Structures are given as C-alpha cells and as structure tokens.
Amino acid sequence: MTFLGILAAMAAMAAIGFMCWLLFNLAVFALPFFIGVNAGIWAYGTGAGWLGAVLVGLLAAGLTLAAAQGLLILVRPLWARLLIALAFVAPAVVAGFYATLGIVKHMMPSETWQLIFSVIGAIAVGVTSFLRLAAMSFAESAGTGHART
C-alpha cells in the first residue's frame, strides 16, 4: 500500500511539473487564446453554431498573433514595441497567478503564503513570457536582415 502511495505522489508531482512546463511554454499565447475564446463565444451567441464558433475563434486568435508579430517587426520605437509586448505579457501574468494559486491551494493552508507564492509564480511567468516574446521578435527581425538598435 505504501508503494502505491509513493507512485501516486510521484505521478502527482510529474503532472504538476508538466502543467508548469506547459504554462511557461504557452504563456506567450495567452492573449490570442483569450481573444479567440471570446470571439468564439460571441460567434456562438450570435447563432454561428459550434463549428462556426470554433472557426471564428481560431481565425481571431491567429489574426491577433499575426498582427502582433507584424507590429513587432515593423514598429521602430522601443516604447511602442514595449507596449505591444506588455499587451501580451499582462494576460500571461494573470494566467500565471491563477495557475500558481490553483497549485499552491493544494499544498499549503495559509492564504497569505498562497498569495505570496502566486505572485512569485505570476512574476516568473510574466518574465518568461516577455523573454520569449522578445526572442521571437529578435529572431524575426534578424531574419529580415534589418539591424535593430
């Protein structure tokens, strides 16, 4: 019986690790995801049906990501590029906060420490999202042959 408990604990830790890895890798796409879901819900509410809602949501998410990447390539002032990046990082921070809060609620009873660790998780996800977005922007601008200063 103890062996099964150890296996269950190891499986739970692996699941938490996988979810954290998934959160860090997909944090950049939080804004397109939110826009796609909202557009899909709107389309479904207006009578598009489930297939139309899925297509509208995917199209809205794809256009949001493409527009942001295009703006990051074309916009020259650093402050404008930071505002575009902030638009992507803010939903990632919110997602990181609530994902971390969901994990720590199962691990510690103190609400104060739950909030402290949730803020730390939100900061970590926000910084990771910003760095990934900056790397995507740098890779795309480097591929065009234009030097950015």
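The model is predicted, so local features need pLDDT of at least 70 and side-chain atom pairs count only at pLDDT 80 or more, while totals for chains, interfaces and linings use all residues. Residues are numbered from 1 along each chain as its sequence is written, and side-chain values use heavy atoms, with hydrogens and water left out.

Let's start with helix 3, residues 49–74. Helices here are DSSP runs of H or I with at least four residues, numbered from the N terminus. Helix 3 has 26 residues and spans 37 Å from first C-alpha to last, close to the expected 38 Å; that expected span is 1.5 Å times one less than the number of residues.

Some of helix 3 is buried, including Gly52, Ala60, Leu65 and Thr64. Threonine 64 counts as buried because its relative accessible area is 15%, and buried means under 20% (exposed is over 50%, partly exposed in between, with a 1.4 Å probe and protein chains only). What does threonine 64 touch? Leaving aside residues up to four places away in sequence, its contacts are Leu31, Pro32, Ile35 and Phe88, a contact being heavy atoms within 4.5 Å.

Leu78, Leu82, Val119, Ile123, Val127, Phe130 and Leu131 make a nonpolar surface patch of about 650 Å². Helix 4 (78–104) and helix 5 (111–143) each give two or more residues to the patch, and helix 5 has the largest share, with five. Valine 127 sits in helix 5, and counts as partly exposed because its relative accessibility is 46%.

Definitions and conventions:
Patch = residues over 30% accessible without salt bridge, like charges linked within 9 Å, V, L, I, M, F, W, Y side chains within 5 Å. Areas by Shrake-Rupley, 256 points an atom, 1.4 Å probe, with all protein chains shown as cover. Salt bridge = Lys/Arg side-chain N within 4 Å of Asp/Glu carboxyl O.
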